[in-house]
Amino acid sequence: MIPSLPRPAWLRTATAAYLIAFLAFLFLPLIVVAVFAFNDAPYPAPPWRGFTLDWFLGNSSSGRTGLFADSELLGSIWTSCIVAACVTVLSAIVGMTNAFLIERGRFPGKQVLSILMLAPLVIPGVILGISILAFASRVADFADDTLGLELDFLRPGLPLVVLGQFSYIATIATLTISARLRRFDRTLEEAALNLGASKAAVFRTILLPYLRPALLGSAAISFLMSFADFNTTLMLVGADTPLTVMMYGRMREGATPVLNAVSLFLMIASVVLALTLLRRGGSPRPKPDE
Amino acid sequence: MRDSRWHGRLALGLLLAPALLWLGALIVLPHVDLAVLSFRERTGPRVYTPSLAQYKTFFAEPLYWHVFVRTAIMSVIATFLTLLLAFPIAWIIAKLARGRAGSLLFIICLIPFWVSETVRTLGWMILLRESGVLPALLVKLGLTAVPVELLYRDATILVGLVYTSLLFMVVPLVSSLESLDNSLIEAAYDLGAGGFSILRTIVIPHAAPGITAGCIVVFMLTLGNYLTPTLLGGKNSQWFTEQIYTQFITRFNWEQGAAFGFLLLGLSTALVMLGLRASGQRFGDVMRRT
Amino acid sequence: MSTPDLVADAVVKRFADHVAVDSLSFTVERGSFFSILGPSGCGKTTLLRMIAGFIAPDSGDIAIGGKSMQGVAPNRRPVNMVFQQLALFPMMSVGENVAFGLARRGMGRAERVKRSIAMLERVGLGSAADKRVDELSGGQRQRVAIARSLVLEPTLLLLDEPLGALDLKLREHMKIELKQLQASFGTTFVYITHDQSEALVLSDHVGVMSHGRFEQLGTPQDLYYRPQTPFVAGFVGANNRIVGRTTETDGAVAEIATTDGWVVRALKSGAIATGDAVEVFVRPEVAILARSAAELPPGQPHHAGDVQSVLFDGANSAVLLQEARSRREFRIALPQTGQFSDLKPQEKVMFSFDPSRAVCFPARTGA
């Protein structure tokens with residue numbers, strides 16, 4: 001019950017117990033990941049055998065390949081970064097045009113279009129992946145058969161991964177940016193026009209600064225979601241593997257604590273990003289690994 | 001006049017183009033293509049005829065629809081458990097913790113979800129596998145004689161799914177509970193209602209849109225999840241997305257995989273519709289809440 | 001005499017850095033309309049919520065219907081509350097809102113519906129039972145909120161500035177309606193407001209609250225004609241305030257001079273010696289305006305001034321003057337005779353007031 005109503009002692013105790021259990025449930029997996037990145041043992045498992053930085057700094061000479069010597073892992077982080085950067089830029093642009101289209105445009109079929117824009121969120125990521133894979137391959141086959149064109153970017157690989165992730169991350173960017181645009185006080189725009197500003201100047205001096213927090217927020221979310229995406233990426237991946245797919249493969253084989261090391265690195269990076277964003281007053285809300 | 005109208009059209013066209021390109025080329029056409037794929041059969045090398053064979057196989061082979069039904073039931077259970085676990089924390093955040101404490105608790109609850117699902121799943125694996133932290137703890141406490149394998153069980157899959165989904169339940173619940181005016185609760189209490197009847201007559205009806213939104217998103221994500229069931233459930237997971245992956249990527253049987261994809265999409269859509277109908281909500285409103 | 005419906009005895013509530021309610025004691029008689037009037041932050045909401053039971057007093061006791069409410073949960077008190085924003089349940093129909101409390105008491109459905117319809121009829125909303133809350137006008141919602149509480153036949157109905165959310169015109173109308181409702185039900189109402197006009201029109205008794213204490217407790221007439229503190233004089237009704245020092249204090253009436261040489265006479269209130277700093281209050285309708293000194297009542301000190309502006313507001317029209325010597329503002333209500341309808345700014349006029357109808361208090365520290 002709310003604070004102004006009497007709460008019996010047992011309820012207070014139960015609430016406190018639940019809260020502690022809940023937070024333990026929430027953080028236990030992350031804590032063990034972090035702790036075992038420093039365990040001096042070949043597998044991330046108890047017992048504790050002492051502190052080591054081998055899983056970060058180790059190289060072939062020490063017999064343990066640490067994160068900074070694992071070129072495969074480092075390469076996959078770089079791949080993920082490139083993919084995430086592309087997805088972020090694409091989503092920001094399309095999210096912004098969509099926001100204006102939905103909030104300002106008037107055209108027949110707008111209702112249908114705005115509902116359709118939400119659809120990618122309710123389509124399972126695996127299905128987004130296979131449908132884009134199949135369609136792209138068919139287009140590529142068609143181009144090959146009829147025109148003799150070799151359209152490599154339509155075969156499984158990074159361009160398809162970017163398109164696959166973009167297909168649903170664009171929806172999230174659209175929602176974030178249009179939510180802010182909807183709250184915009186249009187009299188500000190009218191006042192600027194009234195004071196003699198051109199439409200372009202209004203956009204640059206009034207609208208863009210107003211939308212900045214939403215743009216930054218949606219860019220951060222897009223980047224993180226792209227980095228974390230697994231389902232869609234798994235279906236579209238080619239020779240270059242992004243980090244999540246690489247980690248998944250190693251986790252099935254039973255990997256060394258180097259995975260903990262890379263995970264710790266990811267945790268720190270994402271929490272830092274999240275907190276910076278919160279401080280700037282954006283609305284960070286991570287989205288599913290679809 | 002004519003000039004400005006022409007400008008308006010041009011602007012609308014420029015805004016419309018990215019949206020149509022995105023939705024057309026990445027969502028609508030690929031799904032149409034997937035539908036076409038699922039309704040054909042390979043009768044010879046590069047020869048295909050329209051047929052219902054793929055769907056017939058699904059119903060004829062007990063393994064397939066068994067996995068399908070199992071996935072659906074497990075997802076419903078996971079959704080329900082997520083709601084049960086998330087409701088009290090959402091209540092604490094929205095109603096009990098005051099001011100800064102509330103928003104701080106909210107941020108703390110969001111932090112784990114900024115980290116990718118792969119990392120979180122790694123944490124659960126380190127905690128639960130036979131050589132992991134919890135089995136070792138159980139032995140130490142004298143509860144079991146030898147370490148027990150806690151992975152590869154249905155309960156483990158549920159724990160993982162609930163964990164992954166929590167955020168998507170907590171966020172809409174918090175926002176719908178925050179919008180509930182405390183004076184409504186006080187008024188109900190003042191008029192003689194007890195805790196349970198306030199929950200039933202005031203809180204749940206008010207939070208219904210948030211509950212629906214949370215359940216729909218969680219259900220959908222659970223149904224389409226691949227990573228958590230395969231890593232925590234291993235070979236026993238029998239998740240339907242694995243069947244799709246197997247058909248598409250391993251066996252290269254795209255026709256069968258496309259049919260499976262459509263069945264999963266149909267299931268997800270049907271249950272989402274059912275949820276919306278049951279709670280009298282509209283899709284657009286619900287999605288905007290998440 | 002019957003037991004009073006509400007007795008507060010030395011009630012204290014402190015928050016972290018200030019005392020919200022400072023040792024308050026008062027009594028509300030059965031069937032009366034009692035208002036607590038004060039500016040925002042004076043502690044009136046805290047007091048009301050303590051009576052309702054949502055906040056526990058730090059010390060002191062509240063008794064309702066003769067029984068101490070110490071440790072009694074809000075839902076077990078014979079008290080119902082009309083909330084500031086009304087708190088009607090949007091997820092229920094009007095009828096369900098009114099029947100809500102009856103249902104919680106375990107009353108059967110048929111009886112519940114019968115009583116809630118009967119109650120809605122008494123407030124003139126008999127046909128609205130099936131409507132949704134958001135289909136009602138502001139005034140109708142008000143009546144539903146009251147009906148929802150009164151159907152439970154509480155000893156005491158608490159009202160937390162329920163008219164605050166309404167627009168001016170509706171507020172005037174609801175004032176009258178509220179008074180009639182209270183008269184017809186005979187339930188004891190405890191009403192809090194920051195609007196002095198609401199308190200004066202509605203109440204049998206008013207407690208004027210400031211900084212957690214009652215400045216004065218009395219009938220509306222008492223407050224208006226016989227304010228006991230400068231705060232009450234300034235807060236209840238319009239008043240001209242003149243600050244100065246006493247130059248002569250023999251008898252009931254004192255003579256006061258401002259620093260800039262304006263001399264006025266007013267009734268003493270409290271211990272005032274010659275040379276004390278005082279605040280003088282003169283109601284605008286007490287002063288008499290004239291174009292020449294000859295027209296003023298004999299025996300009253302005369303003052304001269306120039307018209308600064310004419311504030312036409314129908315029956316509430318007034319003129320704002322500047323006293324000739326001190327250039328201080330002074331407001332006088334215009335008589336309804338139309339005698340001064342041609343008054344112009346800058347015009348020189350005379351005025352006077354009966355010193356026994358003006359009052360002076362020892363000056364507040366820091367005022």
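**Entry 1: helices of chain A**

I began with a helix contact: A:Met117, A:Leu118, A:Pro120 and A:Leu121 in α4(A) meet A:Ser167, A:Tyr168, A:Thr171 and A:Thr174 in α6(A). The residues of this contact divide into five nonpolar, three polar and no charged. I count a contact when two C-beta atoms, placed from the backbone, lie within 7 Å. Ala, Val, Leu, Ile, Met, Phe, Trp, Tyr, Cys and Pro go down as nonpolar, Asp, Glu, Lys and Arg as charged, and the others, Gly among them, as polar.

I note that this is a predicted model, where local features need pLDDT of at least 70 and side-chain atom pairs count only at pLDDT 80 or more, while totals for chains, interfaces and linings use all residues. Residues are numbered from 1 along each chain as its sequence is written, and chains are lettered from A and ligands numbered from 1 in the order in which they are written.

Next came the geometry. Helix α4 (residues 110-122) of chain A and helix α6 (residues 158-182) of chain A pack at an angle of about 125 degrees, with axes 8 Å apart. Axes are lines fitted to C-alpha atoms, for helices over the stretch in contact, and angles run from 0 to 180 degrees between N-to-C directions. Helices (H or I, at least four residues) and strands (E, at least two) are DSSP runs, numbered from the N terminus. The pair α4(A) and α6(A) is therefore oblique. My cut-offs are under 35 degrees for roughly parallel, over 145 for roughly antiparallel, 65 to 115 for roughly perpendicular, and oblique for the rest. The crossing of α4(A) and α6(A) is left-handed. Left-handed means the near helix is turned anticlockwise from the far one by less than a right angle, right-handed clockwise.

I then checked helix α3 (residues 71-104) of chain A against α6(A): the axes come within 6 Å and cross at roughly 40 degrees. That makes α3(A) oblique to α6(A) as well. The crossing of α3(A) with α6(A) is right-handed. By class, this contact has 18 nonpolar, six polar and two charged residues.

**Entry 2: chain B on chain A**

I looked up the interface. 72 residues of chain B are in contact with 76 residues of chain A. Helix α1 (residues 2-38) of chain B gives the most to the chain B side, with 15 residues. That side divides into 52 nonpolar, 14 polar and six charged residues.

**Entry 3: chain C**

Chain C has eight helices and 20 strands. Its C-alpha trace spans about 75 × 45 × 40 Å along the principal axes. Of its 367 residues, 41% count as buried. Buried means 20 or more other C-beta atoms within 10 Å of the residue's own, exposed 12 or fewer, and partly exposed in between, with C-beta atoms placed from the backbone.

I followed strand β1 (residues 6-15) of chain C. Seven bridges join β1(C) to strand β2 (residues 18-28), running antiparallel. Pairing takes at least two DSSP bridges. A hairpin of two residues links β1(C) to β2(C). C:Lys13 stands opposite C:Val21. β1(C) also pairs antiparallel with strand β4 (residues 59-64) over five bridges. There C:Leu6 faces C:Ile64.

I found a closed barrel of five strands, β11-β12-β13-β20-β14 (chain C), with mixed pairing.

Last, I checked C:Thr337, in the loop between β18 (329-333) and β19 (348-352) of chain C. C:Thr337 counts as exposed because it has 7 C-beta neighbours inside 10 Å.
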